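Subject: Structure for you to look at

Hello,

Here is the structure I promised to pass on. Please open it first, then read the notes below.

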Amino acid sequence: MMVFRQAKWDEPVLFELGGSSKQTFAVDDEFSGEAEEALSKAPRHVLRSVEPGIPNLSEVEVVRHFTRLSQMSYGVDLGPVPLGSCTMKYNPKVSEELASDRRIVDLHPYQDVDSVQGVLEIMYLMQKWLSEITGMDECSLQPPAGAAGEFVGALIIKKYHLDKGNTGKVEMIVPEAAHGSNPASSAMAGFKVVKIPTAPDGETDIEALKAVLSDSTAGLMLTNPNTLGIFESKIVEISDLLHGRDALMYYDGANLNGILGLVRPGDMGFDIIHLNLHKTFSAPHGGGGPGAGAVCVKSGLKEYLPVPIVDFDGRKYVFRYDLSRTVGRISWFYGNVVPIVKSFIYIATLGPSLREVAELSVLNTNYLMRKLAGLRGVSLAYGEGRWRKHEFVVSFEKLLKETGVSAEDVAKALLDRGFHAPTIYFPLIVKEAHMIEVTESESKENIDALANAYKEVVDLAYSSPELVKSSPTNTSVGRLDVLTANHPKTLAPTYRYVEKLKDEGP
Amino acid sequence: MHNWIPNSSPEIRGELLRDLGLKDVSELFSDVPPQLLLARDLNVGFGRTLAEYEVVRLFNTLISKNRLSEVPSFMGGGLCQHYVPSAVKALVSRSEFYTAYTPYQAEIAQGLLQALFEYQSLMADLYGVKVVNASMYNGSTASAEAVLMAARAKKRRRILISESVHPEVVEVIRTWGFGAGLELVNVGLDRESGQISLSDLRSKLSDEVAAVFVQTPNFFGVVESVVREVIEETHRVNALSIVYTHPLALGVLEAPGAMGADVVVGDVQGLGVGLNFGGPSAGILGINDDKELLRQFPGRLIGATRTVDGRERGFTMILQTREQHIKRERATSNITTNASLEALAAAVHLSLLGSKGLRRLGEAILGRTHYLVKSLSRLESVDLLFPEALHFREVGVRFPVNAAQVLRTLASRGVYAGPDLGRFRGELGDCGLVCVTELHTKRDIELLVELLGEVVGRGG
């Protein structure tokens, strides 16, 4: 059994480090006379009146502070992060090194295209490769993350119908099991969200879909495999139903890892898709971001893509701005180029072996699922007898009823055993859910260890539930008080609030 | 088979299959309609798996086609080349940080959470506001979210935007506002001062306006001295004032929050974050209200709390009920992934600088800008776009000929400046921007001015 003890530094907040008069980062004074002259001419009221409260620390203090904080963080380089729908795979070191080259990070976005032919070629190839992988015809790399790509998709659907004069297309259909960003993106594009349930076999309830389908339907947002990890086997029929009503099919690419090189959304009948390059194509997640989110469409929708896209004019790579129906810019410049470069290196390295990524991620998933499904108090949600793809969902409802130990308690106990917990309480249609995705990056030994950790926790829940409920104890801090954190009287989103609470109390 | 896929060897793959009672992995896809299964290999990459040294060679061949300015780049337009301290690079390269996910499991992610809490605290202080979120994608999307938030909070659809705001930011706001039916109204420029025209603003303000959006230093590098008046006028119709500012300006220039701004936006590029060909960066979004507006605030927020037993301090994500994974179609935004790593870089850079270093860095940039303005105004063939204005970092110039042509000639001599403003507005085809930062020496600036004199003197 792996022993896990996370670093526990009693690390003060930056503002408590006692830095008022240290030697800070040196700045030259070649222009101090010029600065004085400029300041003396400037109207007083545009100049800073109160010095910001940033402490003045030496470099060694700053480096130790953040190094200690890094030791109290946990990423894929420390162990499995089996967060379902997040695809936390290994981030190759070669990508980090290459993408930090000066000839990438020092490039200015307004440089003449003649001076950026290398990076444009990379972006052009990525547009082509992502089209091939998804079975679509054209991609834009501009969305800075998956949700931004979804938003682009929803805007394309909106504009497509408006261009045809169909002002009545106001509804977007979204399964209850969908990622939360789907309904949120739809709402931002001005759609009314219509929900449909999941059938007992774990697939979209097609009768419910037929019942809500109408001339008001603008589109359907779907992820396939869905958030239960189950492949929507009636996807062609669903696409035909939607297309029969002149509605568009939108594919949420968050779950693409399980079908890479095996099945393509474009072939299933989808019209628009977004990808999360930081999930499927291994750009690191950065503790929350940056990501990169391509959006790809069938040829009929190409003119709607955000501009610019990269094109080859027969002689050199250029930016094209002349898409006639473009939804506009979703972000300034050309997307998050550094993660795009990392994904380029990933795809360039693996090439057609991307198929093995999908095969092993699915094999790993089902191997682990079998081990967990047999545990006491644990049940598989939906789709009995169905193989899963990139992820699966188990419910601890029975465990909670029988022992008082919740899905959250189990998650915290996994932390104590050196594993990041999976996604919990999602999808919303499963009670006491753990949504688990081990990706192709985990070895058999690691998957076995994770399964053993689950078994140990579940057994402990039946013998000494209070021990599970009092976890975690091996992490930097114990269980946190979320109510206090969120209460209006004790809310503390900055250090000023912390000081104020100290002085005045809640 | 590849070493990024540990179970891809035939032996282990076979073991896993046997455990599941399967002969072939295709059986796991038996629920996929057969006509949907791809019967060929994907045509991606270079036809086969490459060894690491092959990828390195290939990559180097590709990026050797990229060229960089020989002296530090003078290119502006929202992003400028700054120095990224080695300590920043080293700390954001800690893989405990960069391979981490969003800190959903707080107890195992205290370090990341504390760092993001420190980012929020530093930025709130710098901008003079109460709350700053843990980052948006970049300055343009932070601006779009700010405008959408204002429209929700005020239940109004009209947004007034100064003509001196970055044109791409305006384009992004337009795209994001399409679904919500926002009406963007341009407020003209005062041609003398290079700032928002107060008279045009007054003529367009009404109780249908949700927000007024201004930028200082603005797109032309001009420090707007009328921001206070803009905010007062905005408040008169009970609308929200949104002020876009670059954080590096705030060592010397007044914090927008201190001038009464309700919402502040910015982008951290230059503060620990490289040019990156335009991205990634991190967007700054803050509000000066922790009640009404906080309910409409988009994005992730970290807060301080205690452990359940009350003994220790800790940090956790807060107010998640505003976010998409809980509130779904009623969320304040669809944002999920943000730009935590760049926010961390900005926090580290600010920590290295301290308030004193930030002030000195601000002065170093201001001094260079002043020197550039003086040097350019001595050139007969080049006019400053706004000669009377106070500039910070960027300066707008007008040439007697097409600006794109001038800048291309300059680039061919190894000196990069721009962008030409014709790319944004046809009538500004003879104008361009020049940016100076702490990286430039007097010699660099003199070289630029000499070259400009030569090139323009020759008629481009």
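A word on terms first: helices and strands here are DSSP runs, helices of at least four residues and strands of at least two, numbered from the N terminus. Please also keep in mind that this is a predicted model.

A:Pro308 sits in the loop of chain A between β7 (295-297) and β8 (309-312). A:Pro427 belongs to the loop between β12 (423-424) and β13 (433-436) of chain A.

A:Ser85 is not a glycine, yet its phi is positive, near 65°. Look for A:Ser85 in the loop between α2 (59-71) and α3 (93-99) of chain A. Is A:Ser85 buried or exposed? A:Ser85 is buried, because its relative accessible area is 5%, and the cut-off for buried is under 20%.

B:Phe277 lies between β9 (263-267) and β10 (283-287) of chain B, in the loop. Its relative accessibility is 0%, so B:Phe277 counts as buried.

Now chain B as a whole. It has 14 helices and 16 strands. Its C-alpha trace spans about 80 × 55 × 50 Å along the principal axes. Of its 460 residues, 69% are buried. Take the contacts in chain B between residues at least 6 apart in sequence: 71% of them join residues at least 24 apart. The accessible surface of chain B is about 15000 Å², and carbon and sulfur atoms hold 48% of that.

Last, the interface. How much area is buried between chain A and chain B? About 17500 Å², with 63% coming from carbon and sulfur atoms. On the chain A side, A:Arg48, A:Tyr110 and A:Trp332 lose the most area to chain B, together 6% of what that side buries. The contact involves 211 residues of chain A and 191 residues of chain B. There are 17 salt bridges between the two chains. B:Glu15 makes a salt bridge with A:Lys444, and their closest N and O atoms are 3.5 Å apart.

Best wishes

How values were computed
Residues numbered from 1 in each chain as written. Chains lettered and ligands numbered in written order. Predicted model: local features only at pLDDT ≥ 70, side-chain atom pairs only at ≥ 80, totals over all residues. Heavy atoms only, no water. Buried < 20%, exposed > 50% of the residue type's maximum accessible area, 1.4 Å probe, protein only. Contact = heavy atoms within 4.5 Å. Areas by Shrake-Rupley, 256 points an atom, 1.4 Å probe, with all protein chains shown as cover. Buried area = accessible area lost by both parts, 1.4 Å probe. Salt bridge = Lys/Arg side-chain N within 4 Å of Asp/Glu carboxyl O.
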